[in-house]
Amino acid sequence: MSPGEWISTSMPYLTPREHGQSDAWSSELEARGQRGSQRVVYAGEVSAPPGIGELLGLSEADTVVVRRRVIYLADEPCELTDTYYPPDIARGTRLASTAKIRGGAVTLLAELGHAGARVQEDVVARMPTEDERGVLRTADDEPVLQLTRVTLDQDDRPIQVDRMAMPAHRQQLRYEIRIGDRAQN
């Protein structure tokens, strides 16, 4: 892999952080000796985009709370992430604000009583929109990976949907799956 590529695993981003810890992205960068940042470009209530309302168990006519971010590795944009929440969970909280959330949104969700218990992820390759191409600085013929992650609580209620777009040539996704419970064998 070239220096501009990134191998990403989901697990650190699904677990609430201990009190006083930084968010998962900052911790991962520090552990790898790299620098990066993220910028929240919008936060607030919007009409549910196509498919998002359904993933959150809402009607497509409902509103959702969204946090739109551009993620940077060094000074290069490496990911666009829109994170959607049901309004009854996020309205009036820091999730609906552009301010940085100490420990990250997953930690705040847990503090609000909404911990994730199960995650579903779907990945597709597609051509970027014109806006995505401009922000991610990709060529016209370069595809993106789109990862859609749905986080469900212990009652199988969707509490968060992340939709990410990443330049395919700079990203590798890694999935590590534990099969069975060794304690029961």
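This is a predicted model: local features need pLDDT of at least 70, side-chain atom pairs count only at pLDDT 80 or more; totals for chains, interfaces and linings use all residues.
**Fold and sheet layout**

Walking along the sequence, the chain runs β-α-β-α-β-β-α-α-β-α-β-β-β, where helices (H or I, at least four residues) and strands (E, at least two) are DSSP runs numbered from the N terminus. Residues are numbered from 1 along each chain as its sequence is written, and side-chain values use heavy atoms, with hydrogens and water left out.

Six of the strands line up in an open sheet, in the order 2-3-4-7-6-5 and with antiparallel pairing; strands count as paired if DSSP finds at least two bridges between them. At the edges sit strand 2 (36-47) and strand 5 (118-126), each pairing on one side only. From one strand to the next, the twist averages 15°, based on axes that are lines fitted to C-alpha atoms, with angles from 0 to 180 degrees between N-to-C directions. Within the sheet, strand 4 (residues 76-85) meets strand 7 (residues 158-167) in the antiparallel sense, over five bridges. Leu80 has Ala165 of strand 7 as its bridge partner.

As for the protein as a whole, 42% of its 185 residues count as buried, meaning under 20% relative accessible area with a 1.4 Å probe and protein chains only. The accessible surface (Shrake-Rupley method, 1.4 Å probe) comes to about 10,500 Å², and 49% of that belongs to carbon and sulfur atoms. Among contacts (heavy atoms within 4.5 Å) between residues at least 6 apart in sequence, 60% join residues at least 24 apart.

Technical notes. Buried means under 20% relative accessible area, exposed over 50%, partly exposed in between (1.4 Å probe, protein chains only).
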